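Here's a protein to look over together.

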Amino acid sequence: MEIEESLIDFFKGEHTALTTFFERDFKLGKETKNWLPLVSVCKRLFEENHHLKEEQFIFEAIKKNSKIRSGGPLCTYFFDSHMNHPSLNRAFELTKKLTGLNFEARWSVQMKEIREINLPLVIPGEDHESGRIILRAIEFLLFKDSSTHTIDHDKIETLFAAYLDIQKDHFDREENCFFRMCIDLISTEEWRQIQSEMNGAYEKINSLTVAKSFS
């Protein structure tokens, strides 16, 4: 029988596990210059699991609730922080500097709608897209240069470090603002249903997942 978790505990547990995964494979990548395990972790667990299910389930559950414009505890602080240092601009500028290319955002249909009506969900959505842009730049550097064996590992390390910084800032905003707002907008019964559907559609990311990956 699954232990029932609150919305905040569920995602906070995933944040802790994801950070553990990342830091383990980042250390390995710096030592071996093999970045593929970390690329896989970022794509498979961060982007194609954790962030995607937030967008598909949590964003979807609250996007029509007018109360999301009221924010929650500490939201003003985090909004100001985001406006002063927008993650999307950081991703654009850094990837351009290190690759010479302009990596454009690839918004999902859902995020296009959210941006068009300017919901506060734009902020966590931009964090997600920032990470995806950085990963595309990393893959460009890895596969563009692999045939000539001139991979610039310093650039890749810089991009991964920026990716982690953006994730940590994002997790902090979610745990102290976004998800605290969500628990006021999503009833206990609705959360149980969402959690059940997420666990049916996606692998849950937690300390047990991390432990199994070490074995």
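## Getting to know the fold

This is a predicted model. The protein exposes about 11,200 Å² of surface, and carbon and sulfur atoms supply 52% of that.

Q: What pattern does the protein follow along the sequence?
A: Start by counting the pieces: the protein has 9 helices and 0 strands. Read along the sequence, the pattern is α-α-α-α-α-α-α-α-α.

Q: Which residues does Trp191 touch, not counting residues up to four places away in sequence?
A: Trp191 is one of the residues with the most contacts inside the largest nonpolar core. Skip the residues up to four places away in sequence, and Trp191 touches Glu5, Ser6, Leu7, Phe10, Phe11, Ile58, Ile186 and Met198.

Q: Which helix supplies the largest share of the lining of the second largest pocket?
A: This pocket holds about 230 Å³ of space. Its lining is made up of Lys43, Glu47, Glu48, Leu52, Arg106, Glu129, Arg132, Leu135, Arg136 and Glu139. Helix 2 (36-62) and helix 6 (122-145) each supply at least two of the lining residues. The largest share, 5 residues, comes from helix 6.

Q: How many residues in the lining of the second largest pocket are charged?
A: Sort the lining into groups: 2 are nonpolar and no residues are polar. That leaves the charged group, and its count is 8.

Q: Is Glu129 buried or exposed?
A: Glu129 sits in helix 6, and beyond its neighbours within four places in sequence it is in contact with Leu88, Ala105, Arg106 and Trp107. The cut-off for buried is under 20% relative accessible area. Glu129 has 4%, so this residue is buried.

Q: How far apart in space are Phe103 and Ile133, C-alpha to C-alpha?
A: Phe103 is in the loop between helix 4 and helix 5, and at 10% relative accessibility it counts as buried. Apart from its neighbours within four places in sequence, its contacts are Phe92, Thr95, Ile133, Arg136, Ala137 and Phe140. Phe103 and Ile133 are 30 residues apart in sequence, yet in space the C-alpha to C-alpha distance is 6.4 Å.

Q: Is Asn118 buried or exposed?
A: Asn118 lies in the loop between helix 5 and helix 6, and its phi is near 55 degrees, a positive value in a residue other than glycine. Exposed means over 50% relative accessible area. Asn118 comes in at 54%, so it is exposed.

Q: What is the relative accessibility of Lys33?
A: Look in the loop between helix 1 and helix 2 to find Lys33. Phi of Lys33 is positive too, near 65 degrees. Lys33 counts as partly exposed because its relative accessibility is 39%.

Note on methods
Residues are numbered from 1 along each chain as its sequence is written. This is a predicted model: local features need pLDDT of at least 70, side-chain atom pairs count only at pLDDT 80 or more; totals for chains, interfaces and linings use all residues. Side-chain values use heavy atoms; hydrogens and water are left out. On a 1 Å grid over the protein atoms alone, a cavity is a set of points where a 1.4 Å probe fits but cannot get out, and a pocket is an open set with protein on both sides within 12 Å along at least five of seven lines; lining residues have an atom within 4 Å of a point. Grid points are joined across faces, edges and corners, and a volume is the space filled by probe spheres set on the points. Helices (H or I, at least four residues) and strands (E, at least two) are DSSP runs, numbered from the N terminus. Ala, Val, Leu, Ile, Met, Phe, Trp, Tyr, Cys and Pro count as nonpolar, Asp, Glu, Lys and Arg as charged, and the others, Gly among them, as polar. Buried means under 20% relative accessible area, exposed over 50%, partly exposed in between (1.4 Å probe, protein chains only). Contact means heavy atoms within 4.5 Å. A nonpolar core is a set of buried Ala, Val, Leu, Ile, Met, Phe, Trp, Tyr and Cys residues joined through side-chain atoms within 4.5 Å. Accessible areas come from the Shrake-Rupley method with a 1.4 Å probe; for residues, only the protein chains shown count as cover.
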